[in-house]
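Happy to walk through this one with you.

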Amino acid sequence: EACRDLGMAEQRQGVSGISYVAAIDYAEKRDDTVGVVLHGEEGLLRVDRMDVVRPLPDRPTPVAWVEDWIDQVARSFGDVTFVLDEYQLLSVIQRLDGRYAIHRFEFRGGLGNYALASNLRRLILERQVRWYRGCGAIAAPWGRDDLETELASVVVRETRGGRWRID
């Protein structure tokens with residue numbers, strides 16, 4: 001909650017002159033799929049938009065959602081680089097590479113998960129990341145479900161190699 005900025009609101013359009021980064025964590029059946037758009041400003045990382053899709057038992061999240069989201073974000077934000085996990089989204093990367101700036105990053109396990117966990121922890125502890133109230137909120141039968149409640153439920157585990165991973 002210390003990273004919540006009450007002066008911020010979800011952004012649906014980019015601002016000219018600002019470079020954005022957008023990343024997607026895709027999960028077909030068991031976990032939520034999350035798309036996030038952010039930018040750096042005055043030494044802070046600012047979350048501009050977070051879209052979440054929760055699959056249903058009989059209706060997985062289609063990969064087409066990812067492609068549609070990328071197209072919409074590219075139109076709305078202009079100067080944006082997409083960060084995608086080639087293990088999860090290789091076919092999307094192959095189709096859209098050349099049309100959009102795409103950076104491949106291996107999130108799955110290993111060094112990618114360690115880099116993500118340690119950087120996220122540092123950003124939060126040093127209050128170098130900011131998001132808007134209700135960032136990533138989705139309807140849930142148990143009540144509030146948003147970025148803050150998700151982060152509060154995160155377990156960081158140390159691996160045998162002395163690295164951390166997010167579970």
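The questions below cover the sheet, the helices and a pocket of this predicted model.

Q: In what order do the six strands of the open sheet lie?
A: Let's build it up from the pairs. β4 is joined to β5 by four parallel bridges, and four parallel bridges also join β1 to β4. β1 pairs with β2 in the antiparallel sense, and β2 with β3, again antiparallel. With β6 included, the pairing is mixed and the order reads β5-β4-β1-β2-β3-β6.

Q: Which strands are the edge strands of the sheet?
A: The thing to look for is a strand that pairs on one side only. β4, for instance, has bridges to β5 and is also joined to β1. The edge strands are β5 (101–104) and β6 (129–130).

Q: Which residue in β5 is the bridge partner of V83?
A: Strand β4 covers residues 80–84 and runs parallel to β5. Within this pair, T81 has A101 as its bridge partner. For V83, the partner in β5 is H103.

Q: Which residue in β2 stands opposite D25?
A: β1 and β2 are antiparallel, with five bridges between them. A22 has V37 as its partner in β2. D25, in turn, stands opposite V34.

Q: How many bridges join β2 to β3?
A: These two strands form a hairpin with two residues between them, and E42 in the turn has a positive phi of about 55°. One of the facing pairs sets V37 opposite R49 in β3. The strands run antiparallel, and the number of bridges joining them is nine.

Q: What is the handedness of the β-α-β unit made by β4, α2 and β5?
A: Helix α2 (residues 86–96) lies across β1, β4 and β5, at about 155° to β5. The two strands of the unit are parallel neighbours joined by four bridges. The unit of β4, α2 and β5 is right-handed.

Q: At about what angle does helix α1 run to β3?
A: Helix α1 spans residues 63–77. The strands it lies across are β1 (20–25), β2 (33–41), β3 (44–53) and β4. Its angle to β3 is about 140°.

Q: Which element gives the most to the lining of the second largest pocket?
A: This pocket has a volume of about 230 Å³, and 14 residues line it. Both α3 (110–125) and α4 (147–152) supply at least two residues of the lining. With four residues, the element giving the most is α3.

Conventions
Residues numbered from 1 in each chain as written. Predicted model: local features only at pLDDT ≥ 70, side-chain atom pairs only at ≥ 80, totals over all residues. Heavy atoms only, no water. Pairing = 2+ DSSP bridges. Contact = heavy atoms within 4.5 Å. Axes fitted to C-alpha atoms, helices over the stretch in contact; angles between N-to-C directions. 1 Å grid on protein atoms, 1.4 Å probe; cavity = no way out; pocket = protein on both sides within 12 Å on 5 of 7 lines; lining within 4 Å. Points joined across faces, edges and corners; volume = space filled by probe spheres on them. Right-handed = clockwise from strand over helix to strand, strands pointing away.
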